[in-house]
Amino acid sequence: MNVDSATVVCRLNVNGDRRECAVTPSTTLLEALRYGLGLTGSKQGCDKGDCGACTVVADGEPVLACISLALAYHDGPAITTIEGVADRGRPHPLQDALDETQGAQCGFCTPGILMSAWALLQRAPEPSREEIARALSGNLCRCTGYTKIFEAVERAAVRLRERGSGSVTR
Amino acid sequence: MSSRDRHMEIPQGREMPSERRLEPPHWEEGRTAPPHGTFSVIGKRNRKIEGLAKTTGQAIYADDIRLPRMLHAKLLRSIHAHARIRSIDASAALALPGVHAVITGRDLPETYGIIPWTQDEQALCEEKARYVGDAIAAVAADSELLCEEAMRLIRVEYEVLPAITGIDEALAHPENKVNEHAKEGNISKHVHLAFGDVEGGLAASDVVVEGDYWYEGSTHTPIEPHCCVADFDPTGFLTVWSSTQVAHYLHRDLARVLGLPTQRIRVIQPVVGGAFGGKSEPFSLEFCAAKLSMVTGRPVKILYTREEVFYAHRGRHPMRMHYRTGVTGEGKLTAVDATIHIDGGAYSSFGLVTTYYSGQLLTAPYAMPAYRFDSTRVFTNKPCCGPKRGHGSVQPRFAFECQLDKLAEAVALDPIALRRRNLMGADSRTVNGMRVTSNGFPQCLDAVERASRWREKFRRLPYGRGVGIAGSMYISGTNYCIYPNEMPQAAVQLKLDRSGRATVFCGASDIGQGSDSLLATIVCEELGLGLRDVRVVAADTDLTPVDLGSYSSRETFMVGNACLDAARTLRREIAATLAPRWGCRPDQVTLADNVACSTLAPDRDCMSVQEAFQLTEARVGTLGSVGWYQSPKLGGDYRGGTIGASPAYSFTAHVVEVECDPETGLVEVKTVWIAHDCGRALSPAAVEGQMEGSAYMGLAEALLEEQIFKAAAPHHGPGLHHGPSLLDYRIPTSLDVPEFVSLIIESLDPEGPYGAKEAGEGPLHPSIPALANAIYDALGIRCDALPFSPPRVLRLLREPGARARWEKARSQVREGVRC
């Protein structure tokens with residue numbers, strides 16, 4: 001197999017930018033983001049879609065980037081990664097709250113957790129504890145027992161509502 | 001001691017530490033009090049210093065590092081559980097364009113191992129593969145895909161040997177030797193220690209309970225797989241970035257295996273994505289990446305797949321335990337006798353320590369007049385077990401706390417009352433000679449009893465629901481380094497500069513538990529800075545003084561003490577500068593919230609901390625200090641008596657409430673009340689995080705997790721991992737966790753930094769037996785083997801007498817159990 005023979009250019013709409021990188025048909029979205037575009041915030045924990053550390057949001061829905069093909073997103077929907085959540089360097093209330101509660105211990109699952117929670121708050125600004133647990137059920141965390149993560153999402157939801165708009169888009 | 005102990009003999013050229021011990025500075029004011037009357041940083045709900053880097057995706061982990069010209073490498077792994085390697089032909093792989101090098105065991109002949117007396121591993125197996133997944137060759141190529149293609153072209157000729165996959169098999173077939181390091185058969189280590197008159201104590205008991213317990217093995221499963229990048233530069237200097245939790249030990253073993261002097265090697269630990277003991281020794285990837293970089297002259301990265309993480313393992317040892325425990329009619333312990341068999345997997349790892357810990361760490365928080373344990377670790381053809389959170393003592397604690405529950409019922413005592421009758425108290429000594437200083441265990445029992453409303457629930461909830469209690473203790477660091485030496489166990493260098501900033505340099509390893517923030521917190525408290533004014537440089541062997549790393553729950557106590565000393569030295573200098581200026585005594589100078597002032601006239605005599613640093617620098621020169629920690633000589637006066645000796649012990653009690661479905665056997669944990677004596681909570685949010693994370697991990701082992709292996713079948717030999725993926729190896733999701741109620745108990749340890757002790761591992765221990773005891777309360781069945789899965793619960797429910805036992809236990813309470 002000559003790995004290079006099938007290399008093509010993939011154009012991705014990431015965090016509001018149109019970015020290009022070289023991929024093969026088998027390159028995953030996670031590989032394109034991490035190694036093609038240098039967006040290393042999304043993590044590879046299992047490479048099989050089991051752990052959720054690679055979660056990004058495409059068109060408002062959480063997506064497992066490690067089992068998605070990059071070319072499926074060529075000229076496709078808007079993708080948001082952990083790097084695209086802060087507002088010009090100002091942490092998003094979710095990022096702030098996860099820091100405050102110490103909901104990020106080792107931090108490796110955090111980008112995926114945060115993206116799942118971000119997608120949740122976009123569609124449900126006032127989520128119950130159960131809704132939060134359900135929304136995060138595809139993201140494994142091995143450090144926290146999830147309690148401080150739940151608290152952070154609840155705290156961020158309150159702050160976002162207080163901020164008035166109720167919208168969590170950038 | 002038995003003759004099997006011989007292989008612990010000290011190798012030539014090494015000596016055990018002498019009696020001499022470095023003495024860290026003595027501070028008249030003691031270590032527990034706040035530096036200025038009240039705490040300004042300690043005990044507050046602070047953020048972690050690296051928290052935002054993690055929540056914004058900016059933290060750099062090993063796999064986020066990419067160097068110019070970097071190659072990727074992968075390891076070819078054995079498909080047999082036990083096989084002699086006849087030959088390896090890599091010529092076809094090397095001929096593939098883009099493949100740069102292939103190495104085998106011949107390229108890395110030197111053995112290594114975390115314990116100096118049991119160095120029985122090779123980075124790549126040379127003679128024999130000892131488990132399915134044992135590494136035998138490494139390929140460096142332009143991409144991971146190419147590495148995989150090349151590995152398919154490597155021809156390995158195996159001679160398959162009989163595989164040993166269990167404890168009994170290992171003992172019954174000494175002729176099928178798994179590991180040639182074993183002096184006798186498949187015995188990895190044997191320890192027999194006895195204290196007091198065990199047989200006499202048992203004979204004089206009113207009740208003796210005898211029980212068999214099985215603890216299934218489990219693995220750490222950090223979400224970050226092991227990863228490292230190695231760069232051997234043209235000057236002959238090697239830099240290794242690794243997801244390790246013991247940079248110092250890795251540094252030493254890299255030198256040994258690669259034949260390089262340590263001063264030509266730099267180990268850097270980037271941000272680590274979880275470890276739990278699973279990254280506390282060197283692994284094949286670090287040696288192979290380094291060697292391949294030396295061979296190719298280019299940087300090399302190795303990232304383990306999730307499957308490989310299961311083979312790297314070093315997780316919880318499966319243990320088979322037999323206990324005899326006696327009490328008087330009043331519920332006082334008389335004697336404890338334990339026989340333990342430990343399944344170690346293919347190599348020694350920390351096994352020597354594990355074997356001791358399986359007995360040595362049981363002797364508190366309950367006073368035992370007599371105690372004996374006989375522990376045997378065996379080699380088997382499976383991935384090597386090692387230290388997982390609560391190393392060696394979680395398994396016996398499970399068995400023993402279940403024993404106590406049975407004894408309480410036998411003498412008609414409330415199980416909390418039974419535990420209270422056996423308290424050993426503060427400033428006491430265990431039967432095996434361990435010194436106990438602070439001890440908040442009675443308060444832990446009180447706290448969980450009250451918070452859980454125990455008296456309303458125990459033996460009073462309807463069928464299917466129940467509560468259970470268990471207690472435990474754990475070490476705050478061990479009193480010896482893994483390799484004998486007389487140097488400090490922890491060290492800190494501290495630098496202040498005229499910008500009003502402090503930089504702490506320390507070899508400590510932050511694996512998510514917050515050791516970087518611990519260092520910053522102590523410096524801020526002593527010098528009046530805010531957490532944003534402190535930079536921590538950690539775990540970089542070129543830049544930081546040695547710390548032994550994150551294991552044995554040593555960081556808060558040992559590194560914290562070293563940091564406290566470094567910071568206090570500078571605070572004294574600053575106070576000595578300001579006191580004459582303000583006409584006050586040095587102890588009347590306070591530094592807090594970025595302000596230096598005199599307590600006599602704080603409004604008049606005050607300045608910024610930055611100005612105070614500058615005046616001090618003008619008086620004494622450049623501001624820097626060092627601090628170190630060395631534990632006092634501790635432990636019993638017998639061989640192995642120092643193993644398990646710690647300068648301070650933490651204590652924990654759990655109450656678990658469950659709801660069980662007798663139709664399906666499903667056990668659902670509703671709430672866990674966790675009371676943990678951490679001495680002083682330097683950062684309460686971090687302590688709670690450790691308590692919740694520990695309880696979560698313990699419950700996961702109790703209910704879901706099994707690191708198990710298949711027997712031989714038509715299409716495969718024995719020893720295949722049952723399911724090396726995060727789908728098959730089930731760790732709890734956000735939908736599987738109960739409510740955790742964290743109750744921090746502060747006993748103020750006289751020797752801990754501000755009185756602090758450990759919180760990272762202790763709180764795991766009681767979760768498993770407390771759950772087993774709760775299931776008994778709910779259903780009348782004794783879960784003496786892990787995991788408490790629906791099939792096992794159903795099997796126990798179908799045994800005759802389960803319902804009758806449940807009824808009987810309840811009637812005992814109606815008749816009045818003694819509290």
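In the predicted model, strand 19 and strand 20 of chain B form a hairpin in which 3 residues lie between the two strands, and Gly500(B), placed in the turn, has a positive phi of about 85°.

For Val139(B), when the neighbours within four places in sequence are left aside, the residues in contact include Ala73(B), Lys74(B) and Leu76(B), together with Ala93(B), Val99(B) and Val102(B). Cys147(B), Ala150(B) and Met151(B) are also among the contacts of Val139(B).

Several features of the backbone were examined next. Most residues other than glycine have a negative phi, and most peptide bonds are trans. In chain B, the peptide bond from Ala364(B) to Pro365(B) is cis, with omega near 5°, and Pro365(B) is found in the loop between helix 9 (351–360) and strand 15 (371–378). A cis peptide bond likewise joins Leu786(B) and Pro787(B), where omega is about -15°; Pro787(B) lies in the loop that runs between helix 18 (767–779) and helix 19 (790–798) of chain B. A positive phi of about 60° is found at Phe276(B), although this residue is not a glycine, and its place is in the loop between strand 11 (265–268) and helix 7 (284–296) of chain B. Because 31 C-beta neighbours lie inside 10 Å of Phe276(B), this residue counts as buried. Arg88(A), which is not a glycine either, has a positive phi of about 45° and is located in the loop between strand 5 (79–80) and helix 2 of chain A. Arg88(A) has 5 C-beta neighbours inside 10 Å and therefore counts as exposed.

Chain A has 5 helices and 5 strands, which follow one another along the sequence in the pattern β-β-α-β-β-β-α-α-α-α. The C-alpha trace of chain A spans about 50 × 30 × 25 Å along its principal axes. For a chain of 170 residues, a compact globule would have a radius of gyration near 15 Å, and the value of 16 Å for chain A agrees with this. Of the 170 residues of chain A, 58% count as buried, and among the contacts in chain A between residues at least 6 apart in sequence, 59% join residues at least 24 apart.

Between the two chains, 43 residues of chain A are in contact with 46 residues of chain B. On the side of chain A that touches chain B, at least two residues are supplied by each of helix 2 (93–100), helix 3 (110–123), helix 4 (129–135) and helix 5 (147–162), and the largest share, 4 residues, comes from helix 2 of chain A. By residue type, this side of chain A divides into 20 nonpolar, 14 polar and 9 charged residues.

As to the confidence of the prediction, the complex is given an ipTM of 0.96 and a pTM of 0.96 by the predictor. The average pLDDT of chain B is 95, and 98% of its residues score at least 70. Over residues 1–17 of chain B, however, the pLDDT is below 50, and this stretch has 26 contacts in the model beyond near neighbours in sequence.

Definitions and conventions:
Residues numbered from 1 in each chain as written. Chains lettered and ligands numbered in written order. Predicted model: local features only at pLDDT ≥ 70, side-chain atom pairs only at ≥ 80, totals over all residues. Contact = placed C-beta atoms within 7 Å. Nonpolar A, V, L, I, M, F, W, Y, C, P; charged D, E, K, R; others polar. pLDDT = per-residue confidence, 0-100. Pairing = 2+ DSSP bridges. Rg over C-alpha atoms; globule rule 2.2 N^0.38 Å. Buried ≥ 20, exposed ≤ 12 C-beta atoms within 10 Å, placed from the backbone.
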